[in-house]
Amino acid sequence: SLYCGLTLDWHYDAGYVHISMPRYSNGALTKFQHPAPMRSQHAAHKWIEPVYGSKQQQQPAETASAAPLDSTGTHRVQSVNGTFMYYGRAVDPCILVALNEISTEQAKPTTDTRDKTDMLMDYLHTYPNAVIRFHASDMILKICSDAAYLVLPKAKSRVAVHFHLGWQNNPTRVNGAVAVLCQTLKNVVGSATEAEIGGVYTGGRHGARMIATLEEMGHKQPSTGTPFETDNSCAHGILNSKMRQKLSKAFDMRFWWMKDRIKQKQYNLQWAPRKDNRADYFAKHFPSSWHHKKKRYQY
């Protein structure tokens, strides 16, 4: 019932197991002496309202008036990020976007960074005990990727990949996520398509090890390739050789690596609409509380 700090609540008759880390979040909040908010906080991060009609790419900029934190404040921000990173990767992927944004600023945090960590901890006070349900399945790995172009300071983009183990004859059924990646692309990309292919490449490199592990454990994967979804039609067309590549030499490594894996039938790259893309929530910021509550129930 215990494994690497995880609590496993087995329901063999119903065919599922609950994974949780009870008391971890509350213990950490007590450690950081963060009081409970006066009102429930349903979003782990702020939403920046877009300026409609703008003729140039909108990207976040650091607030000029934000003062840098002293060594004590810097250490606290880094401690909060490190403490909840394991919790987010283990049982609560809904906080990964907030942690990604904090991690990009933790080397030189400001008062804005401190406010972001406080908002995250307000959210964890509202949802202190995340639980993921894993159903018994056919152990078919399924992957969804997404990217958000130029959403981070210094012209950086964020990619997100959702992995779950599903069923052979029920492709639309979603299981609990065995892994969710939410990370910053190291290089500056020149287009949204390049960012999306970066997300597909990130998911492909991570998924290749998972496929090998599943095969070694005796769980045969589809001969047509592991199902892999993206909601970007250009990325789908380029990687499946249905569109011609132009002016994109900067991402040839990711481009050709995925094309080779698709031709080898390790992956079956498919286009799917954004509303069905499970990685979309982990790549972007969303405005309303109801959207966060809906997605938290799903994940």
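Student: Which residue stands opposite Ile143 in E8?

Tutor: In this predicted model, Ile143 stands opposite Phe228 in E8.

Student: What makes E5 and E8 paired strands, and how do they run?

Tutor: Pairing asks for at least two bridges between the strands, and three bridges join E5 to E8, so the two count as paired. They run parallel. E5 is also joined to strand E6 (residues 156–166), by 10 bridges, and that pair runs antiparallel. Leu152 stands opposite Lys156 in E6, and the hairpin of E5 and E6 has three residues between the strands, with Lys154 taking a positive phi near 65°.

Student: How do you know that E5 is mostly covered?

Tutor: Of the 13 residues of E5, 11 are buried, where buried means a relative accessible area under 20%. For the protein, 50% of the 299 residues count as buried.

Student: Why is Phe228 called buried, and what about Tyr267?

Tutor: The cut-off for buried is under 20%. Phe228 has 0% relative accessibility and therefore counts as buried, and Tyr267, with a relative accessible area of 1%, is buried as well.

Student: Why are Trp10 and Tyr12 called a stacked pair?

Tutor: Ring centres must lie within 6.5 Å, and planes under 30 degrees apart count as stacked. The centres of the Trp10 and Tyr12 rings are 5.3 Å apart and their planes meet at 5°, so the pair is stacked. Phe228 and Tyr267, by contrast, form an edge-to-face pair, with 5.5 Å from centre to centre and 85° between the planes, since planes over 60 degrees apart count as edge-to-face. The structure holds five aromatic pairs, these among them.

Student: What does the pair of Phe228 and Tyr267 tie together?

Tutor: Phe228 lies in strand E8 (residues 226–230) and Tyr267 in strand E9 (residues 267–271), so the pair ties together parts that are 39 residues apart in sequence.

Student: Why do Trp10 and Tyr12 get separate labels for accessibility?

Tutor: Exposed means over 50%, and partly exposed covers the range between that and the buried cut-off of 20%. Tyr12 has 66% relative accessibility and therefore counts as exposed, whereas Trp10, with 43%, counts as partly exposed.

Student: Which residues touch the most other members of the largest nonpolar core?

Tutor: That core has 40 residues, and those touching the most other members are Phe84, Tyr87, Val91, Ile95, Leu99, Leu120 and Leu124. Among the elements that give two or more residues to this core are helix H2 (71–90), helix H4 (111–126) and strand E5 (140–152). A second, separate core of 23 residues includes Leu165, Val200, Trp257 and Met258.

Definitions and conventions
Residues numbered from 1 in each chain as written. Predicted model: local features only at pLDDT ≥ 70, side-chain atom pairs only at ≥ 80, totals over all residues. Heavy atoms only, no water. Phe/Tyr/Trp six-rings, centres within 6.5 Å; stacked < 30°, edge-to-face > 60°. Buried < 20%, exposed > 50% of the residue type's maximum accessible area, 1.4 Å probe, protein only. Helix = DSSP H or I, 4+ residues; strand = E, 2+ residues; numbered from the N terminus. Core = buried A, V, L, I, M, F, W, Y, C linked by side-chain atoms within 4.5 Å.
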